[in-house]
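Subject: Structure handover

Hello,

Here is the structure you asked about. My notes on what was found in it follow below.

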Amino acid sequence: MRQETEKGYFGPFGGRYVPETLIHALEELEEAYERYRDDPEFGEERDRLARDFVGRPTPLMFAERLTRKWGGANVWFKREDLAHTGAHKINNTLGQILLADRMGKERIIAETGAGQHGVATATVAALYGKECVIYMGEEDTRRQRLNVVRMKLLGAEVVPVLSGSRTLKDAVNEAIRDWVANVDDTHYIIGSVVGPAPYPRIVRDFQAVIGTEIEAQSRESLGGDPDAIVACVGAGSNAIGAFHPFVGRENVRLVGVEAAGRGLATGEHGASLAEGRLGVLHGAMSYVLQTEGGQIREAHSISAGLDYPATGPEHAFLKDEGLAEYASVTDEEALRALQTCSRLEGIIPALETAHAIFYAEKVATELGQGKNMVINLSGRGDKDVEVAANALGIGSEEVDAVSGPDPSPSTSS
Amino acid sequence: MNGDRVRGAFREGRTALVPYLTGGYPTLEGAREVGEAYLEAGADVVEIGVPFSDPLADGPTIQETTTRALANGADLDYCMDLASAFSGRVPVVFLLYYNVIFARGDERFLQEVAEAEVSGLVIPDLPVDEAGRFAELAAAAGVAFCPLVAPTSTDQRISRVGELATGFVYCVSVAGITGVRDTLPRGAIELLRRVRARTGAPVALGFGIGSAGAAVEAAKEADGIIIGSKLMRLVEEGGAERAGGWLREVREALSGLVEAGG
């Protein structure tokens, strides 16, 4: 139940729906992963970097004021926002760069939406001295200029994608096309638990460090498993990582929260588990937002990281098997949760994470006092301040009001 | 069976010419004109691309045509109508991505394309590992399955592809996406030879054939030549007429090869 049901599949989901050219590379990747996953030297290098470079283990923190405000279960934060580069994404890129290095690949490519995975990839590529190319929808390069600069500072080339809808799904297409053409010397670090097998399993395994740490830390702080784990779900890597060790344990509720965008009824959302139909996107069978004719629809979410029209195949499986439950939260609700968390806990969460926080109030209430709920705080919100400012109407006047009069030019420099 | 027509188009001593067009490009009506121009130029099979929003295996030239075609309102039903316009004269094969098939339902899709007299299917994102059941259903529906092999395919995989191919084997000339290339990629001939040695099915070469010279070169080993991006670019530049004119030159160059070769 906790592994694939058969090689490359989670029930009917997953598989390898890709051009023939890539099959060889996927088999090569699978072989390398099987060879190194239990290799002591590989594990040692990964653990050392996880500790010294990423800052693991990340803390499990009691969110006291939020607990009091909601009046239900105790709220705990798994602080992935404290991982290097500001989100859980680095867990996956670190594992994959180690694999790429052992496979002798000198060129790294990746897609990115908001830029978090792009930054995490550029970061490990810099650490290992690899050439790095990041595909990013043109639309996103403008919305997330800061992350484009970060990637460039880290030595990566950022290629704006002009095809299709010019967003994340098109960036994935473009990365796959690059890989098809350069498969000999290039490794594709996919950013989530999506894509053709073996990617969903490899990314899951590298992210499972989140859940493994939650398990150990809960044992220490709570004396046993938490009663619920809540995480946001775009394509689903932080959620699957947090859930993984707990799948199948009846005493632990696993709750994934998708983006309801402007509301499920508007059709402008990223809730592929709630509203998608079975289909194939980017090499895997899963739930996909699509038209009746099978054309992929554009997703919408205020958080770029949830703005993806499909979900990883393992989530589709967990949903159908009743092993995890899934809900959705709108843009507006996420913004409210972002403010609540910022003011009560002194943590500005990523907008993605804010979706999980909003829904967690409901779970905490349902569980009731004395129970324990972990929210996977998947990323920090620095990248989102501009989006939040625009959405909340925090204009320059208000900033002035809060921060006092402008400093004079002579003191500001 | 309808599917047998695909193999019938690959005749001894003549290289089958398989031009591609995107259904619904440049316009819904214009695509029909492109197909007519291909027939006049001596096409042996017409390959119709059913537009998909996320064509993974295609380069920018064909992507642009599919984006335009979708904006024009082209869909699977339209493409089946379009196929009917040509299928009385030459076999028609569809190139399409699996999600478009899956959304219709494998069995219903096969029944409908068979009724539209579509003879064969090329599905770039349905490698043999995923194709087993679908290939069986296609065989039962009398629609030829034309799987792909790439330069990165192992000999063992090539043999499996050969077993599943009820139409032709589609050899991808290069590890890459579709697009116009002037010369035949190195390794293409080598791949054709490897495939030939492992299947009795006709072997066609595609991806990046952008000149009559490259077509002639490929024809020394291939039973058929598939040309897509180059023709779509010519349609963009000068309409159906320009594409048809160039295709005729290729046809003549290939005929010259046969005569010269005896």
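**Strands and sheet in chain B**

In chain B, B:Phe94 has B:Leu121 in E4(B) as its bridge partner. Please keep in mind throughout that this is a predicted model. The two strands concerned are strand E3 (residues 92–95) and strand E4 (residues 120–122) of chain B, which pair in the parallel sense over 3 bridges. Both belong to an open sheet of 9 strands in chain B, with the order E5-E4-E3-E2-E1-E9-E8-E7-E6 and parallel pairing. At the edges stand strand E5 (144–145) and strand E6 (148–149) of chain B; each has a single partner strand, so one side of each is left without a neighbour in the sheet.

**Helix packing in chain B**

Two packed helices are described by the angle between their axes and the distance between the axes. Helix H7 of chain B (residues 128–141) takes part in two such pairs, one with H8(B) and one with H6(B).

With helix H8 (residues 155–164) of chain B, H7(B) packs at an angle of about 15 degrees, and the axes are 11 Å apart. H7(B) and H8(B) are therefore roughly parallel to each other. Their crossing is left-handed. On the H7(B) side the contact involves B:Val128, B:Asp129, B:Ala131 and B:Ala135, and on the H8(B) side B:Arg157, B:Arg160, B:Val161 and B:Leu164. By class, these residues are 5 nonpolar, no polar and 3 charged.

With helix H6 (residues 106–115) of chain B, the axis of H7(B) comes within 10 Å, and the two cross at roughly 35 degrees. This crossing, of H6(B) and H7(B), is right-handed. H6(B) contributes B:Asp106, B:Glu107, B:Phe109, B:Leu110 and B:Ala114, while H7(B) contributes B:Arg133, B:Phe134, B:Leu137, B:Ala138 and B:Ala141. The contact of H6(B) with H7(B) counts 7 nonpolar, no polar and 3 charged residues.

**A sheet in chain A**

Chain A has an open sheet of 4 strands in the order E7-E6-E5-E8, with parallel pairing. Which strands are at its edges? They are strand E7 (157–161) and strand E8 (186–188) of chain A, and each pairs on one side only. On average, neighbouring strands of this sheet are turned by 25 degrees against each other, direction ignored. Strand E6 (residues 131–137) of chain A pairs with E7(A) in the parallel sense over 5 bridges. A:Val133 stands opposite A:Glu157 in E7(A).

**Backbone exceptions in chain A**

Most residues other than glycine have a negative phi, and most peptide bonds are trans. Where does chain A have a cis peptide bond? One joins A:Arg56 and A:Pro57, with omega about -5 degrees; A:Pro57 lies in the loop between helix H2 (40–54) and strand E3 (60–62) of chain A. Another joins A:Ala197 and A:Pro198, with omega about 10 degrees, and A:Pro198 is in the loop between E8 and helix H9 (199–207) of chain A. A:His282 is not a glycine, yet has a positive phi of about 50 degrees. A:His282 sits in the loop between strand E11 (277–281) and strand E12 (284–288) of chain A.

**Confidence**

The predictor gives the complex an ipTM of 0.94 and a pTM of 0.94. Chain A has a mean pLDDT of 94, with 95% of its residues at 70 or more. Chain B averages a pLDDT of 94, and 97% of the residues score at least 70. Over residues 404–413 of chain A, pLDDT stays under 50, and the model has 2 contacts beyond four places in sequence for them. Where pLDDT is low, the predicted coordinates should not be read in detail.

Regards

Conventions. Residues are numbered from 1 along each chain as its sequence is written. Chains are lettered from A and ligands numbered from 1 in the order in which they are written. This is a predicted model: local features need pLDDT of at least 70, side-chain atom pairs count only at pLDDT 80 or more; totals for chains, interfaces and linings use all residues. Side-chain values use heavy atoms; hydrogens and water are left out. Axes are lines fitted to C-alpha atoms, for helices over the stretch in contact, and angles run from 0 to 180 degrees between N-to-C directions. Angles under 35 degrees count as roughly parallel, over 145 as roughly antiparallel, 65 to 115 as roughly perpendicular and the rest as oblique. A crossing is left-handed if the near helix is turned anticlockwise from the far one by less than a right angle, and right-handed if clockwise. Contact means heavy atoms within 4.5 Å. Ala, Val, Leu, Ile, Met, Phe, Trp, Tyr, Cys and Pro count as nonpolar, Asp, Glu, Lys and Arg as charged, and the others, Gly among them, as polar. Two strands pair if DSSP finds at least two bridges between them. pLDDT is the predictor's confidence in each residue, from 0 to 100.
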